[in-house]
Amino acid sequence: MLSVYCLPLFSLSTRGSTNFFPTAYADAKEKPQKSTDKKNEDKSSGNSDKDTKSNDEEKSNNKNKDDTNQDSSTKTEKHSDESNSVCCSSKDNKIHSGSGDDTNDAENAGRDNKVSSGGGDDSNEAFLAGRDNKVSSGSGDDTNFADTAGRNNKISSGGGDDQNFALFAQKDSKINSGSGDDSNTAEFTGKSNKVSSGGGDDTNAAEFAGKSDRISSGGGDDFNTAAVSDKDKISSGGGDDFNRIGFDEASKVNAGGGDDRIRVDSTLSGKINCGGGEDSVTLNNSPDVKISKNCENVITTP
Ligand SMILES: [Ca+2]
Ligand SMILES: [Ca+2]
Ligand SMILES: [Ca+2]
Ligand SMILES: [Ca+2]
């Protein structure tokens, strides 16, 4: 079950918009409260399997509950479309699907889940899981979620036009989206998240995401946003990129080659380096942000 209740606040649909302030903040902010993630993690990190099992039994009505590790279906390569899930077990679940368009879920499933989906257009999710989840999809246009999922999650999506989300996760989530035109989102995710997209025209966002988040978007014409999270760094490489920071402090943008646009809103301090090309910077309510000399056009408001 995909829980697509949180979309990038500055998604493709708002690309180029000057309406920066995230009005969806109030609504979205409520979402983490329904999380049972911390509870799950506490339980799953216990040393006693018996403890974990009894906890699972107390809290779950699911008939498939299981106190042992689960290996869902296909260790062998299949070419048909699969739907695999593990639920309500303690930890160390593995889902592996081959080619074909697959749907894989590790839900309410403790820590250390591994979901890998091979080729095809896949949908993968670790939801209400503990920490240290790995979700990887190969070629094809994939959608991957680590949702309400503890810390140290890794999502890698290979080639194709992928959509990756780390939502309501704790710190240190990593998203790596490879080639293709990808959309990567780390939201409400604690500090030190890393989002890397390779070539292709990518949309990356780290919002409401603690501090020290890194967005690196590689070649192509990319759209990057770091907002409501301090000490962030955006590196957009070659290509004509649009980078935005807002409601930040001590954040940095390195726009690289190409004709880039940078917008800074209500940010207390930071540095903007535009790199080569004909670049433009709009500074809104951010008088103390430093702009390098290689930014040819600077507009300051108010
Ligand atoms: Ca892919
Ligand atoms: Ca890119
Ligand atoms: Ca650039
Ligand atoms: Ca540039």
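The legends below describe close-up views of a predicted model.

**View 1. The protein chain as a whole, with its strands and helices.** The predicted chain holds 24 strands and three helices. Of its 302 residues, 55% count as buried. Among the contacts that join residues at least 6 apart in sequence, 14% are between residues at least 24 apart.

View 2. Twelve strands are arranged in an open sheet, in the order β2-β4-β6-β8-β10-β12-β14-β16-β18-β20-β22-β24, and the pairing is parallel. The edges are taken by β2 and by β24 (297–301), each of which has a single partner strand, so one side of each is left without a neighbour in the sheet. From one strand to the next, the twist averages 5 degrees. As background to this view, the strands of a sheet pair through backbone hydrogen bonds, in either a parallel or an antiparallel manner.

**View 3. The largest nonpolar core and the elements that supply it.** This core has 45 residues, of which Ala 126, Ala 146, Ala 166 and Ile 272 touch the most other members. Two or more residues are given to the core by each of β2 (83–87), β6 (123–127), β8 (143–147), β10 (163–167), β14 (203–207), β16 (223–227), β20 (261–265) and β23 (289–291). The largest share, three residues, comes from β10. Because both domain 1 (31–190) and domain 2 (222–302) give residues to the core, it lies between them.

**View 4. Ala 106 and Ala 126 with their surroundings.** Ala 106 lies in strand β4, which spans residues 103–107, and it counts as buried because 30 C-beta neighbours lie inside 10 Å. Although Ala 106 and Ala 126 are 20 residues apart in sequence, their C-alpha atoms are 4.7 Å apart in space. When neighbours within four places in sequence are left aside, the contacts of Ala 106 are Val 86, Asn 93, Ile 95, Asn 113, Val 115, Ala 126 and Ala 129. With the neighbours within four places again left aside, Ala 126 is in contact with Ala 106, Asn 113, Val 115, Asn 133, Val 135, Phe 145, Ala 146, Ala 149 and Asn 153.

**View 5. Strand β18 between its two partners.** Strand β18, residues 242–246, is mostly covered, since four of its five residues are buried. With β16 it pairs in the parallel sense over five bridges, and within this pairing Phe 223 has Phe 242 of β18 as its bridge partner. Strand β18 is also joined to β20 by five bridges, and these two strands run parallel. Here Arg 244 stands opposite Arg 263, a residue of β20.

**View 6. Two residues other than glycine with positive phi.** Phe 188, found in the loop between β12 (183–187) and β13 (194–196), has a positive phi near 55 degrees although it is a residue other than glycine. Phe 188 is buried, because 22 other C-beta atoms lie within 10 Å. Ala 250 belongs to the loop between β18 and β19 (251–254), and its phi is likewise positive, at about 55 degrees, although Ala 250 is not a glycine.

View 7. Strand β22, residues 280–284, is joined to β24 by five bridges, and the two strands run parallel. Within this pairing, Thr 282 has Ile 299 of β24 as its bridge partner. Thr 301 also has its place in strand β24, and it counts as exposed because it has 9 C-beta neighbours inside 10 Å. Thr 301 and Asp 265 are separated by 36 residues in sequence, while the distance between them in space is 9.5 Å from C-alpha to C-alpha. The peptide bond that joins Thr 301 and Pro 302 is cis, with an omega of about -10 degrees. Pro 302 itself is found in the segment after β24.

Conventions. Residues are numbered from 1 along each chain as its sequence is written. Chains are lettered from A and ligands numbered from 1 in the order in which they are written. This is a predicted model: local features need pLDDT of at least 70, side-chain atom pairs count only at pLDDT 80 or more; totals for chains, interfaces and linings use all residues. A nonpolar core is a set of buried Ala, Val, Leu, Ile, Met, Phe, Trp, Tyr and Cys residues joined through C-beta atoms within 7 Å. A residue is buried if 20 or more other C-beta atoms lie within 10 Å of its own, exposed if 12 or fewer, and partly exposed in between; C-beta atoms are placed from the backbone. Domain bounds come from an automatic or database domain assignment. Two residues are in contact if their C-beta atoms, placed from the backbone, lie within 7 Å. Two strands pair if DSSP finds at least two bridges between them. Axes are lines fitted to C-alpha atoms, for helices over the stretch in contact, and angles run from 0 to 180 degrees between N-to-C directions.
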